[in-house]
Amino acid sequence: MKLSSRRRPVLTASILAAAVSIATSAAAEVPATCVKGVDLATLGPKSIIGQGPHGEKAASPDALALSDADAAKVKAGHFKVGISMQTVNLDWSQLQIQGITDTLKKYGVTVTGVASAEYQVDKQIADIENTIQQHPDGIISIPVDFTATVPTYKKIAKAGIKLVLMDSIPTGLKHPEEYASMVSADSQGNGQIAAQILASCIPQGGTIGLVNFGVDYFSTNERTKGVREWMAKNRPDIKMKQVDFTDPPKVSQIAGDFLTGNPDVTALFAVWDQPALDTLSSMRAQGIDIPVTTVDLGLQSAIEIAKGGPLKATGSQRPYDQGVAEAMAMMNALIGKATPAWIGVQSLPVVQSNVLESYQTVFKKEPPAGLVDACNKAKPACN
């Protein structure tokens, strides 16, 4: 595709100076250093700002702590729990599962198995029904679809099995009769982090694009809402355009076509990290170099941030910690304790200067060699 010269990654001294002062028109190139003006100490919300799917106020994971007597009850119960995921092919999913299994194991709870629906509604329905037939005491699950799966999720409570949900709630399920708790990140807070970083890269009067998940899904809706609300309140000069995708493998083509059709877009927000990476691939194929922010942190997105390229930052979930909270909510429910309808996990801002530390916080292990190498090559900007 033919690109105008403004979209090629070439910065003259005059353009760089103008962009740093954020006094140019929306057509100016954005320097690689555009995030430097953001103070990590004040970046992002310091508490849960979002509400649950039904307007609930967030409960802290601390509310799920077990007393010694409670822990003894759990261990004496010899409970079994099944896990039903939307996919296991994401860092997010694997960390969730690890947090759940590590925590349940400490209390003698057995994980009967992990099913992966691969985003297919029919497969998840079959997965859950098969798990019910195994007669576990509890099921922890993230729904692929809000409506088609509802009858199947209702069967869980009817079978006397406790249900803890990740990130969203099938339509019409009632708390506490049909599910014990739903645990998620503060998705709106993570969206605000992405917006705040992106705004630091955008000249006055610029236009951003939102690469949004076009499915009615609580957590992703909250992310885009967080971006829109932060921009409207703090940078009303910025115009926003949105493109939706429903099939994740098609993001690269959809985002590429969107950029071609909207040459005024000078920055992008992608709703989670894999669509952001796919968008980067499309940008590189077309010779486009504009800043991108997203939500979630995986190894590849961490490497991209460390390099100091177009992916500037992410508002990260803490999926291992979410998994721990889900396991704790399940064990509370299994011994008959009341559990909050929504448990929120604090957001985490990740930029080039703190990416190694953030990786360790999210993944609970030392950063791998590939990430460390990328950061070393980008010093001193990368820690």
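Q: Which helix gives the largest share of the lining of the largest pocket?
A: That's helix α7 (residues 218-234), with three residues. A pocket here is an open set of points on a 1 Å grid over the protein atoms alone, where a 1.4 Å probe fits, with protein on both sides within 12 Å along at least five of seven lines; lining residues have an atom within 4 Å of a point. Just so you know, this is a predicted model: local features need pLDDT of at least 70, side-chain atom pairs count only at pLDDT 80 or more, and totals for chains, interfaces and linings use all residues. Residues are numbered from 1 along each chain as its sequence is written, and side-chain values use heavy atoms, leaving out hydrogens and water.

Q: What volume does the largest pocket have?
A: About 450 Å³. Of its 23 lining residues, Gln86, Tyr119, Phe213, Tyr217 and Trp272 are the closest to the centre.

Q: OK, new topic: how many residues of β6 are buried?
A: Seven of seven, where buried means under 20% relative accessible area and exposed over 50%, with a 1.4 Å probe and protein chains only. Thr207, Gly209, Val211 and Phe213 are on one side, with Ile208, Leu210 and Asn212 on the other.

Q: And how many bridges join β6 to β7?
A: Seven, and the two strands run parallel. Val211 stands opposite Val243 in β7.

Q: What about α8, which residues are buried there?
A: Val251, Ala255, Gly256, Phe258 and Leu259.

Methods:
Helices (H or I, at least four residues) and strands (E, at least two) are DSSP runs, numbered from the N terminus. Grid points are joined across faces, edges and corners, and a volume is the space filled by probe spheres set on the points. Two strands pair if DSSP finds at least two bridges between them.
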